[in-house]
Amino acid sequence: MDTLSYKTLAVGPQALEKEWVVIDATDQVLGRLCAKVAKILRGKYKPGYCPYMDCGDNVIIINADKIVITGKKMTDKIYLNYTGYPGGQRELTPEVLIKKSYNKHVKNGIHPLFMRVMKGMLPKNRLGRRLIGNMHVYNGPNHPHEAQNPKVIDINKLK
C-alpha cells in the first residue's frame, strides 16, 4: 500500500455551510458558556474543521443579563484598559460592563462583558477579529435575526 498517495482533504470556503444558532444564557456560568461558544465560533464541533479558516457558525446569545458569575468576581475581578494617554489606565469590573450593555450608545448585539471574555478565548489575529463578529449578544429574549432561521441548541449537551 502506497501511503504517499493519500491526501488530506481541506474544505474550501465555497463548500462551508455556516449555520445560525441561538443559545439561551439563563443561569449559565459566564466562563463555561463562553468556552463552548468559542468552540462553536471556531467550528471545532464540525468534521471539516480547519484551524486557519472561518468555518464556525454564527451564534446568537439571548438572555445575557441572566448569566451567573461565581464567587465575588462580579465586584472583585478587574479588567484593565489603557487609553494611550498618561494616567489613562481604566479599571472595569463585570458589574460595570453589564451596566454598560444597557447604554443606548452601545451598538445593538454588542455586549461589552461577553466581548471582553470571548476576545481572550479566540485567536489573537485577523481570524479572531473576524470570528468575534459572528457573535451577537442580547440582554433580553428577543433578537432581530429571525430571517436567518436560527436553530436553538442546548449548550449543556455540548462538551
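**Reading cysteines and one asparagine**

Colleague: How many disulfides does the structure hold?

Modeller: The structure holds zero disulfides. A disulfide is a covalent bond between the sulfur atoms of two cysteines. Here it is counted when a pair of cysteine sulfur atoms lies within 2.5 Å. This is a predicted model, where local features need pLDDT of at least 70 and side-chain atom pairs count only at pLDDT 80 or more, while totals for chains, interfaces and linings use all residues. Residues are numbered from 1 along each chain as its sequence is written, and side-chain values use heavy atoms, leaving out hydrogens and water.

Colleague: Is C50 buried or exposed?

Modeller: Buried means under 20% relative accessible area, exposed means over 50%, and partly exposed is in between (1.4 Å probe, protein chains only). C50 has 7%, so it is buried. C55 has 1%, so C55 is buried too.

Colleague: Where is N139?

Modeller: N139 sits in the loop between strand 5 (135–137) and strand 6 (151–152). Strands (E, at least two residues) are DSSP runs, numbered from the N terminus. N139 has a relative accessible area of 16%, so it is buried.

Colleague: Which side chains make a polar contact with that of N139?

Modeller: A polar contact is a pair of N or O atoms within 3.5 Å; within protein, one must be able to donate a hydrogen and the other to accept it, and residues adjacent in sequence count only if both atoms are side-chain atoms. The N139 side chain has one with S101 at 3.1 Å and one with H111 at 3.3 Å.

Key. Helices (H or I, at least four residues) and strands (E, at least two) are DSSP runs, numbered from the N terminus.
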